[in-house]
Amino acid sequence: MNYLETVPAAERSAVVDLAAIRHNVRHLSEIAKPARLMAVVKADAYGHGALEVARAAIDAGASWLGTAHISEALALRTAGITAPVLAWLHTADSDFSAAIAANIDIGVSGWELEAVVAAARELEVPARVHLKIDTGLGRNGCPEELWESFVGAALAYQEDGLLRVVGIFSHLAVADEPRRQETDQQLQRFREAVAVAEDAGVDHEVRHIANTPAVLSRPDSHFDLVRVGLGMFGLSPFPGQSAQELGLVPAMTLKTTIANCKEVPAGQGVSYGLHYRTAEPTTLALVPVGYADGIPRVATGGPVMVDGEVFPVVGRIAMDQMVIDLGRTGVAGTADTFLGKEAVLFGPSGYPSVDEWAQASGSINYEIITRISGRVTRSYIDSGAAESAVSLDPDAEAALP
Ligand SMILES: *Cc1c(COP(=O)(O)O)cnc(C)c1O
């Protein structure tokens, strides 16, 4: 039986396979070890559901969780998740007091240090901070010239019992292009920054800089902890390499059912602007997913699988719907048999991929999954099949027919 059939019916579902998440966490942990794994669950776990993914990741051995915002980290705590959590992107309105009170680690790049210390002083609870160095990305992170004094300031506050420097970290700019030299420079700057901090007396628990592409391509970037987002969701960070080649299992399947189906004559215009006209008499099927569900409007040509066959979207993608041309005519009852059939936009191996939608959109797989909107029902399955399908255990292979 197709495991998707076990999912409760919904008009449009993003079905998340928690067994795939666990498989990917184990697989990436194996590659990263002895470094530990931080499961990055920002942006509602890239659209997969932060709580469900966080629990599955911890189950599979992730020792840390990561979010961009303190508000995202607080939501994990509110749900009862007690694992270490780091949040690294703040504004003057970020609630540092709530973060300290909830035992959330705070990434600091500069100005936040004073704000965090003020909150810790008031609470009389030391903050747990990770000092961020900008090794070349040019976003957050302390500039190299200021690093030594920044570390000194943090250590002075640590002496006063206002904080503890738990980690030192940075972020890579081009790890998804493994041949580029800049990663070597960034890693060199990171090692130097760690040495400066250690010489000044920082006794850190973790040094971390690797994201998914670096986990997969740069063992020298793993240090004590790797921060994994994309790979945990079973997607490849490298344009030329599929998830399957990397041993990853895509966790999300986006599916719906055909909402209308009809035979049309040659010359029938399709969707706003009438940019597509049927060349011959054919059958059109209506897929009730559009840009309000998160599929980019520009992604005409993107693949939809129905009945084991893939059909490209024709004409404009609208707010709520898109059309596929089944290319069949004169087959009595085609329209009736397709009405109500399952339509899958992307899923694991055997279905169209997130990468094909990224390509049709001129974007990247990260953006496709994180955009899937709140109008799409999230449901969760535990296929188990995902684990045996790509098992690295030769005995499991031998057991296959
Ligand atoms: C999002 C993010 C990650 C995860 O990156 P992936 O490429 O998805 O693994 C890691 N670190 C930081 C600082 C991030 O913002």
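This is a predicted model: local features need pLDDT of at least 70, side-chain atom pairs count only at pLDDT 80 or more; totals for chains, interfaces and linings use all residues.
Residues are numbered from 1 along each chain as its sequence is written, and side-chain values use heavy atoms, with hydrogens and water left out.

**The two domains**

Colour 18-233 as domain 1 and 258-370 as domain 2; these bounds come from an automatic or database domain assignment. Their C-alpha centres lie 40 Å apart. Where they touch, 6 residues of domain 1 are in contact with 4 residues of domain 2, contact being heavy atoms within 4.5 Å.

**A salt bridge to select**

Across the whole structure there are 17 salt bridges, each a side-chain nitrogen of Lys or Arg within 4 Å of a carboxyl oxygen of Asp or Glu. Select arginine 164 and glutamate 205 to see one, at 3.6 Å from N to O. Arginine 164 sits in strand β7 (residues 163-169) and glutamate 205 in the loop between α8 (182-200) and β8 (206-210), so the pair ties together parts 41 residues apart in sequence. Helices (H or I, at least four residues) and strands (E, at least two) are DSSP runs, numbered from the N terminus.

Most residues other than glycine have a negative phi, and most peptide bonds are trans. Now zoom to the bond from lysine 33 to proline 34: this one is cis, with omega near 10°. Proline 34 lies in the loop between α1 (18-32) and β2 (36-40). Glutamate 124 is in the loop between α6 (112-123) and β6 (127-132).

On a 1 Å grid over the protein atoms alone, a cavity is a set of points where a 1.4 Å probe fits but cannot get out, and a pocket is an open set with protein on both sides within 12 Å along at least five of seven lines; lining residues have an atom within 4 Å of a point. Grid points are joined across faces, edges and corners, and a volume is the space filled by probe spheres set on the points.

The search finds 1 cavity of 30 Å³ or more. Show its lining: His48, Phe233, Leu235, Pro250, Ala251, Met252, Val354 and Ile369.

Finish at the second largest pocket, with about 170 Å³ of space. Its lining includes Asn260, Lys262, Leu284 and Val323. Which element gives the most to this lining? That is β11, with 4 residues.
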